Amino acid sequence: MVSGVAAFVYPAELRYTLPVCYHVEIYYFSGTGNSLAVARDLAQGLGARLQAVSALADRARVTSEADKIGFVFPIYDFKPPPMVEELVCKLDGIESKYLFAVCTYGIVPSR
Ligand SMILES: Cc1cc2nc3c(=O)[nH]c(=O)nc-3n(C[C@H](O)[C@H](O)[C@H](O)COP(=O)(O)O)c2cc1C
């Protein structure tokens, strides 16, 4: 559930610039559900597969067949949670993918 205090950046234009036929995968991390709600909404609009970042924490490497990869996560202390940064480093072939990110935050997302 999205709380009343949380604001989030929602790139509505993605809905129209990324055709549903493309293979999109969304990796999400969510502590209290705000980012999960955004990730679910995006996945529905883009026809994307949802993947929890926490489920990949023990993996040494992560491989994705997707052409386009999205990351949805909350801002913790002005930056992404460590688990999300670790995933970015573990994703094979990330340099050749189209990447996008959506953050949820409370008041100030960066310094
Ligand atoms: C440990 C912690 C650190 C946070 N740091 C920030 C921050 O630096 N800036 C900000 O605007 N919000 C911050 N927040 C608020 C969260 O980013 C915000 O509530 C977010 O929507 C939570 O997403 P989630 O429900 O997916 O976990 C923080 C929240 C927590 C729990």
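Analyst: pLDDT is the predictor's confidence in each residue, on a scale from 0 to 100. In this predicted model the chain averages a pLDDT of 87, and 80% of the residues score at least 70. Because the model is predicted, local features need pLDDT of at least 70 and side-chain atom pairs count only at pLDDT 80 or more, while totals for chains, interfaces and linings use all residues. Residues are numbered from 1 along each chain as its sequence is written.

The secondary structure comes to three helices and five strands, these being DSSP runs numbered from the N terminus (helices H or I, at least four residues; strands E, at least two). From the N terminus on, the elements follow the order β-α-β-α-β-β-α-β.

Around the ligand there are 19 residues, of which Gly 31, Asn 34, Ser 35, Pro 74 and Gly 106 come nearest; a residue counts as near when its C-beta atom, placed from the backbone, lies within 6 Å of the molecule. By class the shell holds ten nonpolar, eight polar and one charged residues, where Ala, Val, Leu, Ile, Met, Phe, Trp, Tyr, Cys and Pro count as nonpolar, Asp, Glu, Lys and Arg as charged, and the others, Gly among them, as polar.

Of its 20 residues, Ile 26, Tyr 27, Tyr 28, Ala 39, Leu 42 and Val 72 touch the most other members. The elements β2 (24-28), α2, β4 and α3 each give two or more residues to this core, and α2 gives the most, with five. Leaving aside residues up to four places away in sequence, Ala 39 touches Ile 26, Tyr 28, Leu 50 and Val 72, a contact being two C-beta atoms, placed from the backbone, within 7 Å.

Elsewhere, Asp 77 sits in the loop between β4 (68-74) and α3 (82-90). Asp 77 is exposed because 7 other C-beta atoms lie within 10 Å, the limits being 12 or fewer for exposed, 20 or more for buried, and partly exposed in between.

Finally, pLDDT stays under 50 over residues 1-10. Where pLDDT is low, the predicted coordinates should not be read in detail.

Terms used: A nonpolar core is a set of buried Ala, Val, Leu, Ile, Met, Phe, Trp, Tyr and Cys residues joined through C-beta atoms within 7 Å.
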